[in-house]
Amino acid sequence: MAIKKSNKLPQAVVLKQIVKRCSSFGKKQTYNEEGLPDDVPKGHFAVYVGENRTRYIIPISWLAYPQFQSLLQRAEEEFGFNHDMGLTIPCDEVAFQSLTSMMR
């Protein structure tokens with residue numbers, strides 16, 4: 001029996017693509033020469049949380065936390081990563097703020 005190759009990209013590649021795409025949801029932006037939003041500092045990316053899709057700018061270093069990786073898995077299951085809306089986290093804002101306060 002042959003081993004079937006998955007056509008899924010490695011998680012690191014997907015995360016890099018997401019971070020590069022993350023921009024303001026529904027707002028006009030100015031972009032730098034790399035195509036990234038000017039209001040997102042280097043080493044950070046935007047996520048959208050909650051029913052109102054509130055935008056948070058968070059450090060890339062949070063990708064290493066198991067708690068944040070769990071949120072990413074939920075985001076992939078619920079929304080997938082192949083869309084242009086930025087990274088949407090399926091989490092209540094209060095819960096997100098509580099979780100992220102532990103990562104600071």
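## Contacts and model basis

Of the contacts in the protein (heavy atoms within 4.5 Å) between residues at least 6 apart in sequence, 46% join residues at least 24 apart. The model is predicted: local features need pLDDT of at least 70 and side-chain atom pairs count only at pLDDT 80 or more, while totals for chains, interfaces and linings use all residues. Residues are numbered from 1 along each chain as its sequence is written, and side-chain values use heavy atoms, with hydrogens and water left out.

## Elements and sheet

The protein contains three helices and three strands, taken as DSSP runs numbered from the N terminus (helices H or I, at least four residues; strands E, at least two). Along the sequence they follow the pattern α-β-β-α-β-α.

The three strands form an open sheet in the order β2-β1-β3, with mixed pairing; pairing requires at least two DSSP bridges between two strands. Strands β2 (54-59) and β3 (87-89) are the edges, each pairing on one side only. Strand β1 (residues 44-49) pairs with β3 in the parallel sense over three bridges. Threonine 88 in β3 is the bridge partner of tyrosine 48.

## Helices on the sheet

Helix α2 (residues 66-79) lies across β1, β2 and β3 and runs at about 105 degrees to β3. Helix α3 (residues 93-103) also packs on the sheet, touching β1, β2 and β3, and its direction makes about 15 degrees with that of β2. These angles run from 0 to 180 degrees between N-to-C directions, with axes fitted to C-alpha atoms, for helices over the stretch in contact.

## Burial

Of the 104 residues in the protein, 36% are buried, meaning under 20% relative accessible area with a 1.4 Å probe, protein chains only.

Definitions and conventions
Buried < 20%, exposed > 50% of the residue type's maximum accessible area, 1.4 Å probe, protein only.
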